[in-house]
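Here's a quick briefing to read alongside the model. Keep the viewer open as you go.

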Amino acid sequence: MNKIKLRQICFLFIGMMPITKLLMYPSILPYYAKNDVVLSAAINFILQGIVIGFVLWLSKKTDCTFFQLLQNTFGKIIATIIYIIFILFLLFSSFMLITEQKAFVINTLYENTHTYFNFMPFFIVSFFACSKGLKTIGRVADLCMPIFLFAFIAIIGLSLSNINFSSILPIGGGKLGIFKGNLISSCWYTDCLYPLFFLGHFQYEKKSFLKIGISYGIGAICVMLFLAIYYGLYGDITILRQNSIAHIAKFTTAFTSIGRVDYVFVFTLTLVHVFYTIVPLQFASNGLIELFPKCNNILASAIINFVILLFIWMFTYDFSSIQIFYSQYFWIFASIFAYILPICAIFLKKERSTTDEKVLDV
Amino acid sequence: MIFYECTQDNDMKNETKKTLGKKLKENLQSILEILTAEDILTYQFYTKDNVLCTAIYIDQITDKELLGSLIAKPLSLIDAPTTLEDAMKELYFPENSCEEDVTTICNKILAGNVALLIDNLQGAIVLGAKKISSRSVAEPPTSMTIKGPREGFIEDIKINMGLVRKRLKTAQLQFDMIQCGKQSQTSIAVVYLSGIANKKIVQQVKDKIASYEIDEVVDSSYIGKFLTARPLSLFKQVGTTEKPDIFCAKILEGRIGLIVDGSPIVLTVPYLIAEDFQGPQDYFASPYRATVSRFIRLFAILISLLLPAYYVAAQLFKLQLIPFGLLMTISASTKNIPLSPSIELFFLLVILEILLEASILMPKQVSLALSVIGALVLGDTAVKAGIVSTPAIIIVAISGISAYAVPELVGTSSIIRIILLVLAGSIGTFGILLGIALILYALLTMESFGTPLLAPFAPLVKKDLKDSLFKADLFDLKERPAVFKSKNKKRLLQKKGVENEQDKT
């Protein structure tokens with residue numbers, strides 16, 4: 001039910017991982033890193049890549065799930081507490097992604113009045129997806145990879161005519177700003193935690209390091225290319241241009257006879273974003289089932305989505321405050337949970353699982 | 001053929017097993033006690049030595065010519081046989097059997113066979129003298145082709161089985177016969193190629209059908225419903241076709257087919273949604289043309305689903321989505337329309353559905369009048385009266401026509417189109433996106449006998465992409481679809497020593 005293929009994880013990195021870094025991130029990072037956005041992002045990607053490498057090494061040594069590893073090492077009670085903390089962290093990080101998406105949707109897809117009601121149906125989709133297990137993440141990744149690449153290449157292609165790459169020169173001038181940019185952007189790089197939740201649900205194959213490394217690299221290149229182009233387009237005023245995927249190609253298309261055709265690709269990327277935003281909720285929902293086996297899929301999904309829905313509703317009009325909180329304070333937790341703790345996971349007792357479930361061929 | 005009984009008439013089942021004796025009168029009485037209808041006839045004749053014989057049959061579905069020439073005549077020329085086996089030797093009849101159980105004999109009579117009782121002999125001879133009138137094999141109206149075979153299945157299961165056997169002259173082709181329907185006792189042939197089809201799925205199909213007890217199986221769609229994992233889903237989960245060539249191609253891929261007596265539409269499982277984008281003549285046209293056609297079908301279905309919703313979302317929430325020049329034209333046409341775009345489109349889509357429904361049910365002679373009323377009176381007058389706008393009519397027309405590029409999905413797409421329209425009218429483009437996401441999640445999680453509906457796209461099965469939206473050349477389709485996990489993978493081998501023209505060049 002919850003088995004996924006290594007290929008699907010690779011596709012997740014190519015076709016879904018970049019998307020959360022293309023909405024607000026390209027306009028927030030230059031505030032700190034100035035024209036060194038690519039350099040700053042590259043450091044984050046290298047750190048994230050190292051974490052993923054460690055988790056992959058762990059997957060080679062064990063076929064237990066993350067919760068089983070915690071149980072083997074710390075016993076049931078402490079393992080449950082640690083796992084709950086991780087689930088809460090997933091919820092916190094997904095809260096930012098959903099808030100960001102909500103702001104993007106409201107600012108980009110509407111010209112007139114909107115209410116929080118406009119965004120709330122998102123949770124119907126999320127509820128449905130969370131109730132269907134982790135297998136859907138893999139299948140969604142299969143579907144999203146070509147869709148993302150097609151839309152991404154199209155939107156980049158449309159934006160190329162207006163770029164001034166000299167804006168990102170000289171490289172390395174940002175000094176401390178580069179590292180400050182690193183720290184504040186930790187909350188956009190929490191997805192390196194996801195492979196930890198895939199543990200036990202996929203089989204380590206030959207050349208897994210290479211396959212995941214290449215796909216992760218492609219995803220990272222997509223983000224860095226986007227950052228460079230976006231900064232090349234807007235230069236110093238990039239920080240004022242949030243919702244970057246809606247702005248990157250608009251000068252090429254707005255005054256043509258076909259109009260804002262780039263919106264077709266913006267919608268496509270938004271669809272991928274919807275899918276990716278649900279992923280941490282699916283992990284949290286699955287985690288809840290692991291912790292409490294009596295809790296069925298529907299109940300777990302309902303609890304997780306209700307909690308997030310409640311938070312989103314409570315902070316409907318506080319997007320700026322949330323963004324400030326996440327960039328100013330949350331990066332500490334993000335760094336610990338996304339970078340440090342997954343590396344610590346390699347010290348957990350690595351035992352072979354007793355279950356004999358094989359990964360499905362398709 | 002294997003007879004695998006799914007349901008039986010409860011009244012017959014509850015009776016204790018009754019067998020025939022030697023006295024003809026008593027035997028006849030026991031059968032006629034069960035078969036009381038007036039269309040059940042008896043024909044009495046005597047052997048040369050004056051022993052009474054009685055044939056029991058049903059008026060309209062038994063071949064009386066055969067009864068007379070091959071049953072009554074030979075027996076009347078000889079002395080009474082001493083055993084049923086001896087009697088069978090005298091009757092040169094291909095389908096015959098000796099039966100003693102009254103219930104079995106009654107069931108066989110009801111199926112159109114003749115039961116022959118001979119005085120002083122225990123049991124009855126059942127002779128297959130069925131004669132059911134059926135229409136001739138013709139091109140099915142739902143899948144016409146310019147190139148390629150034009151045969152279509154009809155309502156008679158025997159003829160349909162013959163059409164399949166004619167194309168697949170192999171000992172591997174199996175027809176496992178089962179019956180379903182408490183009252184109708186409808187015959188169903190489970191068709192597969194042993195060694196190619198997955199035996200587990202064959203058994204699952206039989207078990208699923210056997211798990212339902214229904215009065216009558218009117219059409220194959222009833223069996224289709226039995227085979228679906230999610231009966232309430234909007235999406236079909238069983239493949240259908242009316243053409244033997246397509247059916248045989250699917251069987252050769254490792255699928256399992258079901259021919260239901262009384263229905264010209266045969267079923268195939270496992271079903272993949274990509275099947276519906278494959279046209280009947282894709283395999284007879286050039287692969288480039290076939291690929292283009294399949295992409296056009298995909299594009300058409302997207303247009304059909306999204307165009308009305310997109311138009312409404314653009315007008316109500318995001319005018320930027322429409323190019324400026326076009327926006328001016330639209331606004332000039334819509335400025336005096338009293339209805340909001342969403343209500344206007346909703347109203348027109350409902351009218352379209354009514355017209356389609358009426359055109360199917362209406363007699364052919366009236367359909368021309370209906371077209372005039374629909375297209376001219378309703379469309380033209382409604383625009384002139386200022387009730388609906390011209391762009392709205394154009395959009396509904398394009399959407400309606402596009403849906404028919406994939407006829408198998410017309411029913412589903414018309415419902416989804418209205419759902420997306422309502423979402424677009426309520427929350428704009430984000431509503432459309434959420435609707436699409438929900439549909440994709442629903443499709444991603446659906447499986448037909450363990451095969452994901454969206455395969456080979458999600459999960460990705462690289463080998464099977466060759467015949468999905470893309471259509472590779474025949475020489476590249478060397479293997480059966482991997483998604484069906486067939487044991488026999490190869491379907492095209494080039495014999496050694498035979499050089500291909502392509503290789504020479």
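Predicted model: local features only at pLDDT ≥ 70, side-chain atom pairs only at ≥ 80, totals over all residues.

Residues are numbered from 1 along each chain as its sequence is written, chains are lettered from A and ligands numbered from 1 in the order in which they are written, and side-chain values use heavy atoms, leaving out hydrogens and water.

**A helix face in chain A**

- Helix 6 of chain A (residues 122–130) has these buried residues: A:Phe122, A:Phe123, A:Val125, A:Ser126, A:Ala129 and A:Cys130. (Buried is under 20% relative accessible area, exposed is over 50%, and partly exposed is in between, with a 1.4 Å probe and protein chains only; helices are DSSP runs of H or I with at least four residues, and strands are E runs of at least two, numbered from the N terminus.)
- Looking down the axis of helix 6 of chain A, those buried residues fall within an arc of 155°, so they line one face of the helix. (The arc is taken over the directions from the helix axis to the C-beta atoms.)
- The cover over them includes helix 5 (76–108), helix 7 (135–159), helix 13 (262–291) and helix 14 (297–314) of chain A, along with helix 15 (410–444) of chain B.

**Helix pairs**

- In chain A, helix 3 (residues 37–61) packs with helix 8 (residues 176–184) at about 50°, their axes 9 Å apart. (Axes are lines fitted to C-alpha atoms, for helices over the stretch in contact, and angles run from 0 to 180 degrees between N-to-C directions.)
- Helix 3 and helix 8 of chain A are therefore oblique to each other. (Under 35 degrees is roughly parallel, over 145 roughly antiparallel, 65 to 115 roughly perpendicular, and the rest oblique.)
- The contact uses A:Leu39, A:Ser40, A:Ile43 and A:Asn44 of helix 3 of chain A, and A:Ile178, A:Phe179, A:Gly181 and A:Asn182 of helix 8 of chain A. (Contact means heavy atoms within 4.5 Å.)
- By class, the contact of helix 3 with helix 8 of chain A has 4 nonpolar, 4 polar and no charged residues. (Ala, Val, Leu, Ile, Met, Phe, Trp, Tyr, Cys and Pro count as nonpolar, Asp, Glu, Lys and Arg as charged, and the others, Gly among them, as polar.)
- Over in chain B, the axes of helix 6 (residues 157–167) and helix 9 (residues 244–252) come within 10 Å and cross at roughly 60°.
- B:Leu163, B:Val164 and B:Arg167 of helix 6 of chain B meet B:Pro244, B:Asp245, B:Phe247 and B:Cys248 of helix 9 of chain B.
- That contact of helix 6 with helix 9 of chain B has 5 nonpolar, no polar and 2 charged residues.
- The axes of helix 12 (residues 341–361) and helix 14 of chain B come within 10 Å, crossing at roughly 45°.
- Contact residues here include B:Leu348 and B:Leu352 of helix 12 of chain B, and B:Ile393 and B:Val396 of helix 14 of chain B.
- The residues of the contact of helix 12 with helix 14 of chain B split into 8 nonpolar, 1 polar and 1 charged.

- B:Arg297 sits in helix 10 (residues 287–316) of chain B and is buried, at 13% relative accessible area.
- Leaving out residues up to four places away in sequence, B:Arg297 touches B:Phe277, B:Gln278, B:Gly279, B:Asp282, B:Ala405 and B:Val406.
- B:Asn27, in helix 2 (residues 24–34) of chain B, counts as buried at 3% relative accessibility.
- B:Ala385 lies in the loop between helix 13 (364–384) and helix 14 (390–403) of chain B and counts as exposed at 51%.
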